[in-house]
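Subject: Structure for your review

Dear colleague,

Please find the structure below, followed by an account of what was found in it. I would be grateful if you would read the two side by side.

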Amino acid sequence: MYQAYQLGENVSVTLNLLSLGPERKVKCYNRYFINGYVFHTENYGQSRKTYNSGARVKGSTSNEFKVKYFGKLKDVIKLQYNSE
């Protein structure tokens with residue numbers, strides 16, 4: 001961003017604010033609701049009869065191979081970015 005500024009390029013305010021990174025204050029949760037599904041962190045769900053802490057994400061490597069990432073939800077952290 002600074003290089004673009006030095007070169008006199010027009011950079012949007014939103015992109016400039018995003019480049020500053022998230023605020024230092026974050027919120028942490030023990031569950032997450034998205035698209036009709038509920039995910040619990042592993043610690044939160046262990047005392048329940050049923051829970052979902054698993055996650056699968058489709059992705060690709062630097063050389064364009066399609067891969068699937070599997071894991072368990074350890075933490076849910078909400079980051080806040082400044083905006084216009």
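This is a predicted model: local features need pLDDT of at least 70, side-chain atom pairs count only at pLDDT 80 or more; totals for chains, interfaces and linings use all residues.

**Findings**

Leu15 is partly exposed, with a relative accessible area of 44%; on this scale, buried means under 20%, exposed means over 50%, and partly exposed lies in between (1.4 Å probe, protein chains only). Leu15 belongs to helix 2, residues 13-19.

Residues are numbered from 1 along each chain as its sequence is written, and side-chain values use heavy atoms, with hydrogens and water left out.

**Overall composition**

Three helices and six strands are present in the chain; these are DSSP runs numbered from the N terminus, helices being H or I of at least four residues and strands E of at least two. Their order along the sequence is α-α-β-β-β-α-β-β-β. Of the 84 residues in the chain, 12% are buried. The chain has an accessible surface of about 7,600 Å², and carbon and sulfur atoms account for 52% of that area; the areas come from the Shrake-Rupley method with a 1.4 Å probe, and for residues only the protein chains shown count as cover. Among contacts with a separation of 6 or more, 41% are between residues 24 or more positions apart, where contact means heavy atoms within 4.5 Å.

Strand 2 (residues 31-34) pairs with strand 3 (residues 37-40) in the antiparallel sense, over four bridges; strands are taken to pair if DSSP finds at least two bridges between them. Within this pairing, Tyr32 stands opposite Phe39 of strand 3. Two residues lie between the strands of this hairpin. Asn35 is placed in the loop between strand 2 and strand 3, and its phi is near 50°, a positive value in a residue other than glycine. Asn35 counts as exposed, at 69% relative accessibility.

Strand 3 also contains His40, which counts as buried at 12% relative accessibility. Beyond its neighbours within four places in sequence, His40 is in contact with Asn30, Arg31, Gly45, Tyr51, Asn52, Ser53 and Leu73.

Strand 4 (residues 54-60) runs antiparallel to strand 5, and seven bridges join them. Gly59 has Val67 of strand 5 as its bridge partner. Strand 5 (residues 66-72) is hardly covered, for among its seven residues the count of buried residues is zero.

**Charged side chains and rings**

How many salt bridges does the structure hold? There are two salt bridges, a salt bridge being a side-chain nitrogen of Lys or Arg within 4 Å of a carboxyl oxygen of Asp or Glu.

One of them brings together the side chains of Lys72 and Glu42, at 3.5 Å from N to O. This pair links distant parts of the chain, with Lys72 in strand 5 and Glu42 in helix 3 (residues 42-45), 30 residues apart. Lys72 is exposed, with a relative accessible area of 52%, whereas Glu42 counts as buried at 16% relative accessibility.

Glu42 also forms a salt bridge with Lys74, and here the closest N and O atoms are 2.9 Å apart. Glu42 lies in helix 3 and Lys74 in the loop between strand 5 and strand 6 (76-78), so the pair ties together parts that are 32 residues apart in sequence. Lys74 is exposed, with a relative accessible area of 54%. Through shared partners, the salt bridges join Glu42, Lys72 and Lys74 into one network.

Turning to the rings, Arg48 lies over the face of Tyr44, at 4.0 Å from the ring centre; the criterion is that NZ of Lys or CZ of Arg be within 6 Å of the ring centre and within 35 degrees of the ring normal.

Yours sincerely
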